Amino acid sequence: MSGNAQGPVLAVSNLSKSYGPTRVLADVDLSVQPSQVVVVIGPSGSGKTTLLRCCNGLEVADRGRIEVCGTTLFSDGRLLRDSELNALRTRVGMVFQSFNLFPHLTVLQNVTIGPRRIRRKAPSEAVEQARALLHKVGLADKADALPGTLSGGQKQRVAIARALAMEPQLMLFDEPTSALDPELVGEVLQVMKALARDGMTMLLVTHEMNFAREVADVVVVMDHGRTVESGPPSTIFSAPSQARTRAFLQAVIER
Amino acid sequence: MKLDFGPVWANWSDLAHGALVTVEVTGAALVLGCLLGLLVGLLRLDPRRRVRYALGSVYVTFIRGTPLLVQLFLLFFGLPQFGIVLPAFFCGVLGLGIYSGAYQSEIVRGAIQSIDRGQMEAARSLGMSHGMAMRAIILPQAIVRMIPPLGNEFIALIKNSALVSLLTISDLLHEGQKIISVSYRSLEVYLAVALIYLLLTNATGFALLRLERRLRVGGLVQ
């Protein structure tokens, strides 16, 4: 489906964005290769979430370029046309900090609604796929529950299953465990680890340093809208070259 | 002074017929008002779409800012000057429907805007178009929130429908006035008319309460 099979799934170049006088992204470059897990870390307000949201068109940058799955999502200050944007979004899964499950639909319906309404899949086929996905995230027994009755960790796992149901080529995670009680973080991270092991291409923003150390292929450190440095986790966590990285890691680890 | 409800009993079938006309006018106006309310409510969702927003705003401003009776007279007595002569019943339904639609549009808009922004973002992120996300995700949640204020609006519409008696429509109030013109029993007949309106408004309120509860049980609300 992508233009060049060997090229990056996501390529961001020179991306800049300001809210009024505040610069949230300043000439950010980033690329995610197939099956790579790229983790963006950095202090709050550093532009991580904005960067992620730009990658599926939820936010529009001012300048720069974003290529997703070989399609130009954003360039010259302009976003892709709406109809093409919708098509591209089916190939990019998004998981939000606040889950954003559809509260009026059951867990199963949350997972089937994308394939059924957008892909026009037959109901039986969509249900079969959804059950398999729910099994994968450990929630096979919650298929008929409403989101309101689930714990935060369960909600987030349903949200991951919902995104996977579209069979995306890239998954975006926006602080997926930040809204969870500490004891529920593990179950969500486990699902994400399994996903990474299966070769899913992932870009995620997180404060889970252990997860980044363990799962990431590349760690990107952001501060004040800029990428401070990036590299394999072994380098970033053990021998960061930038003072700001050291300061940030120290602050996080001392917490 | 003695109360004499004789004329009310003697003419109860006229009152019942009038009540039926009131229900018909209100019911038809309700349907029209809901359609207009939904349409205009959606038009006014996004101020950045200037033409749509302006169209909706002109409608809401004019209708909410002028008396319903004047609007009804404009339709019934004003339009014939352009050769447009509409049947009285039709004028009543049209006038009430347009009037109610303005208020309902604000209810629709408010309910939709009260749904968390993340719902639209999640739907769009799956690849849904704006319209599909609205129909499949936002509106089903918003409708439940519309019911209590819509209940108020429906009840107001029943009461406002009494004004159509001035367009020669034989509604409940009009039938009552006809009985008074023969019997001169104003107090008794108006009391009876008021009681029937009370019955209609409360029945509506009760029905909407049941509907709201059903939707809650059906899981549309958390």
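## A helix in chain B

The expected span of a helix is 1.5 Å times one less than its number of residues. In this predicted model, helix H5 of chain B covers residues 88-113, 26 residues in total. From first C-alpha to last, H5 reaches 37 Å. That is close to the 38 Å expected.

H5(B) also has a bend. The angle is about 30°, at B:Ala102.

## The interface between A and B

Chain A brings 26 residues into contact with 21 residues of chain B. The size of an interface is often given as the accessible area lost when the parts come together. Here, the area buried between chain A and chain B is about 2000 Å². Carbon and sulfur atoms give 58% of that area.

In a salt bridge, the side chain of B:Arg124 meets that of A:Asp82 at 3.3 Å, N to O.

## The chain A side

Several elements of chain A build the side that touches chain B. Helix H2 (82-89), strand S7 (92-95) and helix H3 (107-117) each supply at least two of its residues. By class, this side of chain A has 13 nonpolar, 7 polar and 6 charged residues.

Technical notes: Residues are numbered from 1 along each chain as its sequence is written. Chains are lettered from A and ligands numbered from 1 in the order in which they are written. This is a predicted model: local features need pLDDT of at least 70, side-chain atom pairs count only at pLDDT 80 or more; totals for chains, interfaces and linings use all residues. Side-chain values use heavy atoms; hydrogens and water are left out. Helices (H or I, at least four residues) and strands (E, at least two) are DSSP runs, numbered from the N terminus. The bend at a residue is the angle between axes fitted to the seven residues ending there and the seven starting there. Contact means heavy atoms within 4.5 Å. Buried area is the accessible area (1.4 Å probe) that two parts lose on being put together, summed over both. A salt bridge is a side-chain nitrogen of Lys or Arg within 4 Å of a carboxyl oxygen of Asp or Glu. Ala, Val, Leu, Ile, Met, Phe, Trp, Tyr, Cys and Pro count as nonpolar, Asp, Glu, Lys and Arg as charged, and the others, Gly among them, as polar.
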